[in-house]
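How do charged side chains pair up in a folded chain, and where do the partners lie? Please look at the sequence and the model below before reading on.

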Amino acid sequence: MTEGNSFALLNQLEDILDSDHLVDEVGFIHPSQFVTLNREAGGSLASSVRTTPQSEDGVLRPRVPEVNSSETVFWCRDHKLGISTQVLLPLYNAAKHAFMASLERYRSHSSVSAKKDESGGNDMSSCFSPSLNILESELMKHSRALLLLSCDFVTAWNSRRWVIKMLVGKCSNLREIMEKETELVTRIVEKQKMNYRAWNHCCWLVSYMSEGQVLEELNRSRDWARLHIADNSCFHYRTLLMLKMLQESRDKENLTGSPGHSAKLRRMWKEELDWNELLIKHHIGREHLSESLEIELQEKLPLGELKTVMNDICPEKLFLWHSLQGTCEST
């Protein structure tokens with residue numbers, strides 16, 4: 001396959017992802033499975049991907065004539081995307097090349113803008129020029145494709161953090177960006193379980209979430225955690241979301257001098273503990289918090305205060321209190 005074909009395939013993949021924002025699963029499948037998938041699904045492809053060239057049987061095929069017309073490449077239906085294993089290597093190379101090139105342009109532009117600002121040649125608005133916005137968009141697009149193909153590419157994860165930091169405070173759709181980032185993580189962790197880098201990125205996003213987003217993520221991640229009980233990273237993520245709610249409530253209380261959302265928080269903690277208890281009863285052997293989370297809980301919520309909360313809302317859950325108390329006494 002020529003280099004031109006590889007980049008054409010990358011463009012096609014990115015078009016599919018842009019045309020269907022609800023894609024929630026991505027898998028790599030053997031070309032022989034495409035016909036079976038299409039036969040089992042029946043009918044034509046969803047209208048959300050009709051802008052991508054397709055054959056009469058509804059299977060997406062490459063745009064360029066150099067690729068064998070009988071070779072299936074992409075399959076997308078009901079927000080599920082399949083990518084042929086035969087094109088993974090050239091597709092990955094094209095995505096990596098496009099990402100690194102866009103990253104270099106982004107860094108170069110940012111460096112020049114910073115130097116101009118330091119010299120007084122331009123004000124801060126020069127950093128937010130349309131050209132920089134385009135570079136940010138390209139970087140996010142190429143890094144998304146690269147991470148779906150190789151979810152352990154650390155530089156790609158870091159680049160998304162740089163762009164998000166730049167976007168904070170200058171754009172009005174930060175909420176939409178946060179939602180897309182958590183959706184991307186969900187796609188990746190569905191493909192590769194217990195992906196530390198993906199979950200770490202999601203945990204980093206918590207500090208930029210609004211109260212409403214935190215609540216939405218608590219609800220969304222509960223369903224995911226229930227179906228992936230062995231993935232401790234998701235429970236760690238939920239802990240950070242709960243701690244974010246707790247910290248914001250305490251900050252509001254210190255600022256206004258009046259009780260924050262104490263009743264709401266107590267109810268949330270009780271619901272979380274009740275749900276944890278239900279999971280424990282169904283999945284014996286996963287009763288204890290990890291040491292790192294116990295320490296974090298102690299730092300955010302003193303044991304005396306935590307004991308009061310637990311005695312008020314769930315005195316029957318003494319095993320959790322003893323676990324935390326034992327950790328404190330041993331430190």
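Predicted model: local features only at pLDDT ≥ 70, side-chain atom pairs only at ≥ 80, totals over all residues.

Residues are numbered from 1 along each chain as its sequence is written, and side-chain values use heavy atoms, with hydrogens and water left out.

The structure holds 17 salt bridges, a salt bridge being a side-chain nitrogen of Lys or Arg within 4 Å of a carboxyl oxygen of Asp or Glu.

| Salt bridge | Closest N and O atoms |
|---|---|
| Arginine 105 and glutamate 138 | 3.2 Å |
| Arginine 175 and glutamate 179 | 3.5 Å |
| Glutamate 211 and lysine 252 | 3.1 Å |

Because glutamate 211 lies in helix 8 (residues 211-227) and lysine 252 in helix 9 (residues 232-256), this pair ties together parts that are 41 residues apart in sequence; helices are DSSP runs of H or I with at least four residues, numbered from the N terminus. Glutamate 211 has a relative accessible area of 22% and is partly exposed, a term for values between buried (under 20%) and exposed (over 50%), found with a 1.4 Å probe on protein chains only. Lysine 252 is also partly exposed, at 34%.

Arginine 175 and glutamate 179, in contrast, are 4 residues apart in helix 6 (residues 174-191), and are therefore separated by about one helical turn. Arginine 175 is partly exposed at 37%, and glutamate 179 is partly exposed at 31%.

Note on methods: Helix = DSSP H or I, 4+ residues; strand = E, 2+ residues; numbered from the N terminus.
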